[in-house]
Amino acid sequence: MQNFDVVVIGSGPGGYVAAIRSAQLGFKTAIIEKEALGGVCLNVGCIPSKAMITATHLLHKAQHDFKTMGLNIKGGIDVDMKTLVSWKQSVCDKMSGGVNQLLKGNSVTIIKGTAEFKTTKELTVKSSSGTDTVMAKYFIIATGSRPIEIPGFTFDEKDICSSTGALAFDTIPKRVVTIGGGYIGLEISSYLRKLGTEVTVVEANASLLSGVVDPECAQVVARKAEKAGIQFKFGAKAKGQKKTKDGYEVIVEINGKDEVLKTDKILVTVGRRPNGDQANIKGAGIQTDERGFIKVDAQRRTNISHIFAIGDICGQPMLAHKASHEGVMVAEIISGMNRVYDAKTVPAVVFTDPEIASAGMTEAECKAKGYNDLMISKFPFAANGRAVSMSETDGFVKMIADKKTHVLLGVHIVGPEASNLISEAALAIEMGARLEDVALTIHPHPTLGETMMEAAEATLGHAIHIIQKPLGGAHKTTTVNK
Amino acid sequence: MTDIRLPELGEGVTEGELVKWLVKPGDTVKADQTVAEIMTDKATVEVPTPVAGTIKELLFKPGQIIKVESVIVKLELGAATTATAMTTAHKPAAPVAATNSTATVDVKLPELGEGVTEGELVKWTVNIGDAVKADQTVAEIMTDKATVEVPTPTAGIVKELKFKKGDIIKVESVILTLSGSVSTSTQPQAHANSHATKPTTTTAAPTLMMAHTTASSSASLFPPVADSKVLATPATRRLAREMGVDINGLSGSGLAGRVTREDVLSAKGGSAALTKDTGSGAVSAGTPTMNFPKPAYNSTNAALEERVDLVGIRKKIAQNMQMSKAVIPHFTLMDEVDVTQLVAIRESVKDFAEKNGTKITYLPIVMKALIATIKEFPMFNASIDDANSQIVYKKYFNIGFAADTPNGLVVPVIKNADQKTILEISKEILDLSKRARDGKLKPDEMKGSTITITNIGSVGGMYATPIINHPEVAILGMYKIQDKPIIKDGQLAAIKVMNYTITADHRLIDGAVAANFLKSFFAKIQNPGVLMMGLT
């Protein structure tokens, strides 16, 4: 029997952050993890996929750009998949080890095992070393989500894989069929393609990333992926698979007709579902919705006042950084501070080639919110010196602002380092910045960041590095009615 | 051990003064039993415990100021339902039915859908004495959207059904109570898929859960979450939250309407001056923040003086009066009117009123006459929105009446008085006055008045010059009824007269208008027949 002030269940980017902040605030804190510290993000999600994407991006550059730049490689580049995978693993281990150190340095008790609510005040934790009871005044559920499995495609994580299995491939598969053209499927498909795999993406919708990102951004990625040789089957439904002597046959239905796709590996990335069915959450009386998300209020408090839920388990968007933000907030709420989830935007990034990143609202979302008069414009990376010198000119920065106030409502980037550029947009939106605020901030040259400034100028009607109508046009004034 | 926190006391109320404890350590309390009385600047509020148990510790002393959400009581859970209930929670092997049989569980009407606050009981699907399983439907409730089956979240034996068919039930009301749990033989069936320790979990957990649900719903968020359209930096949003300022109600002074740090600070400093009143239909005048001088009083004879903190209702009154006098250029018009007929009419309906279980005073009749008159003079039922330089004419008639209470002046409000009969208004006045004296008015019942009547004449004094209840623009004063001799048709005659004052905001209402207003009002008071012509 162990007794704590705060017990966090799950050590992903929500859980470990909540635990550290709880400890910083002086609570006797424990964190329970059944697998590796850091959760999906650090071990089988964000971090390992980025390692693979970075490596294959360099490979791609070497194969395609080096020659133009006069860098000639004698012979081909030999990909040693075993070393690549172990390097990727070392990245994960380093991160997970870092979490371990941070938790220990903050005197957080780390409990390895599987937790289940016994009552709303105590947990049973089962591990290889036995069963223990853990009690606490407050619980923070941060047990995350897992890949959705679809009928007929039971994961074996060798041939029929979720992202977890695909990230662990230690040989380069010859052929892969990816079911689901969302961001996870696209990220993995893109890097596999760069390794030489023949990839076919089966997507139920008519386009990639539909409803997730700005449609124009998705188009840029789709065009480049097609050029890279990824096959797309849109409006296609995966009906089943069959093992053959030289791999698998995936049966997909397109326009009512069945089509057979031959492959070696099948990657199923149709989304993630919250782990609301685990840890006896329902048995303890904690309310979940019909999709399995724990119901929480704006403080991430469940129907039971001393139990909180953060991250994927408590609702969309299922993103690590949202979970971390909630983790800090909940720990502070427990300590008596008046906090609430009132972020204006959760920036989202997709590590495709090129990357997509967005903050704030899409045009459709703005309209739905009642912003009828919008200013929308784009600035292309092709007009940015740094992008040209990097030989990565696909894409643009698109800005959406309220015409009445010039307040920035949404920024959508597709292009090189979009993931690193979007933070400025997120800050601008949180601060309630106007286009002028971004345009009048001096951005250093020569950087990709200049595209933000130029996009703001373009939206105001007078960017320097693209041809726009002379001043005196539609947006000649920078003053706004209060 | 469970912490009982000070629940939300009303919109905009962040703290209250502990008047007294109604329990002491060692007492066993039932769920919803009042444990303390807290005085806020609006009213005295009874604070209930959301859970049953034994009081272990009281964390504040009377007179202390307590912030909302502070822990006020430490409580040993469930002890009131005997210690065995606790035992079962911790000992998985204990036979649940035997030990738990004395415990009762309240089943509440759950949320029925967004925006639905109540529903009509169509029928019970269980009877008293029935054993029910968790999730079994116990009632059918019809809302304006659909008929909903209401399940019980926990198993037990139905002990009491709290409503009858056809009753309108508010969400969160207790609809039935369950006693203990059903026999151990039926319980596992209710959770056929659960593991061995589950029966304990399910009996113990829901009890806790329901208790805590109450706790969390009563401790809902204040200030409300900032709307996504509010323009304010994250740091400013946090500042507003920490200072208890509802940022949604601020009109930002920054470019493009941005709410600045200064806006938040001054909103807090100037109390409600800058905030929008989100109360029932009330419109804020949006007066600029007032910074009044704060002269000290330097005691020269401190030994013979007593210093008391200016807090609670007194402080609120002080602030309101100061602001009203500072903002509104007041003027008062006084006159007397013959109320002989009015007195006779009131006498004639006394018996009727008593048969209907109430007492008719002059106030409801005066209220009707006032409404009839302000319908002719809409500027009396208006507010000035200083921030936007606009006059707000109100098409609803919520009449406030000043009530003297041991704690000071409060103004309960008869909402939509134009739609109520004199009898209904009478009953409401009696009820509100009684609760005002007892300090038990809800904040809602003191909000949203569009014009106010003050009746200090019932105590004494010929005339007064009342202060307008800002953001209203007028206040009607009514005074003592007296016998007065007059010369009528050359003869000496005795009539009854009553003095009235109308105090108005000269920014909106001119003297001649007020005189005409009083004339029209008097026509109705003098001859209640005229008033009746206008009654709907």
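**A walk through chains A and B**

B:Glu69 is partly exposed, with 17 other C-beta atoms within 10 Å; a residue is called buried if 20 or more other C-beta atoms lie within 10 Å of its own, exposed if 12 or fewer, and partly exposed in between, with C-beta atoms placed from the backbone. The model is a predicted one: local features need pLDDT of at least 70 and side-chain atom pairs count only at pLDDT 80 or more, while totals for chains, interfaces and linings use all residues. Residues are numbered from 1 along each chain as its sequence is written, and chains are lettered from A and ligands numbered from 1 in the order in which they are written.

B:Glu69 is not a glycine, yet has a positive phi of about 85°. This residue sits in the loop between β7 (65-67) and β8 (71-77) of chain B; helices (H or I, at least four residues) and strands (E, at least two) are DSSP runs, numbered from the N terminus. B:Ser389, another non-glycine, has a positive phi of about 50°. Its place is the loop between β18 (382-385) and β19 (390-393) of chain B, and with 8 C-beta neighbours inside 10 Å it counts as exposed.

Over in chain A, there are 13 helices and 22 strands. Of its 482 residues, 51% count as buried. Take the contacts in chain A between residues at least 6 apart in sequence: 64% of them join residues at least 24 apart, a contact being two residues whose C-beta atoms, placed from the backbone, lie within 7 Å.

Helix α4 (residues 81-105) of chain A has 25 residues and reaches 36 Å from its first C-alpha to its last. That is close to the 36 Å expected at 1.5 Å a residue, where the expected span is 1.5 Å times one less than the number of residues. A:Lys88, A:Cys92, A:Ser96, A:Val99 and A:Leu103 are the buried residues in α4(A). Their cover includes α1 (15-24), β2 (29-33), α2 (39-44), α3 (46-64) and β3 (109-112) of chain A. Just after α4(A) comes A:Ser107, with a positive phi of about 60°.

As for one of those covering elements, α1(A) packs against α4(A) at an angle of about 20°, the axes lying 9 Å apart; axes are lines fitted to C-alpha atoms, for helices over the stretch in contact, and angles run from 0 to 180 degrees between N-to-C directions. So α1(A) is roughly parallel to α4(A), the label for angles under 35 degrees. From α1(A), A:Tyr16, A:Ala19 and A:Ile20 make the contact, and from α4(A), A:Val99, A:Leu102 and A:Leu103.

Chain A also has an open sheet of five strands, in the order β8-β15-β9-β10-β11 and with parallel pairing; strands pair if DSSP finds at least two bridges between them. At the edges are β8 (160-161) and β11 (231-234) of chain A, each pairing on one side only. Strands β9 (residues 175-179) and β15 (residues 265-268) of chain A pair in the parallel sense over four bridges, and A:Ile179 stands opposite A:Val268 in β15(A). Helix α6 (residues 183-194) of chain A packs on the sheet, touching β9, β10 (198-203) and β15 of chain A, and its direction makes about 160° with that of β10(A).

Finally, two cis peptide bonds. One joins A:Asp353 and A:Pro354, with omega about -5°, and A:Pro354 lies in the loop between β18 (348-350) and β19 (355-360) of chain A. Another joins A:His445 and A:Pro446, with omega about 0°; A:Pro446 is in the loop between α12 (435-439) and α13 (450-460) of chain A.

Definitions and conventions
Angles under 35 degrees count as roughly parallel, over 145 as roughly antiparallel, 65 to 115 as roughly perpendicular and the rest as oblique.
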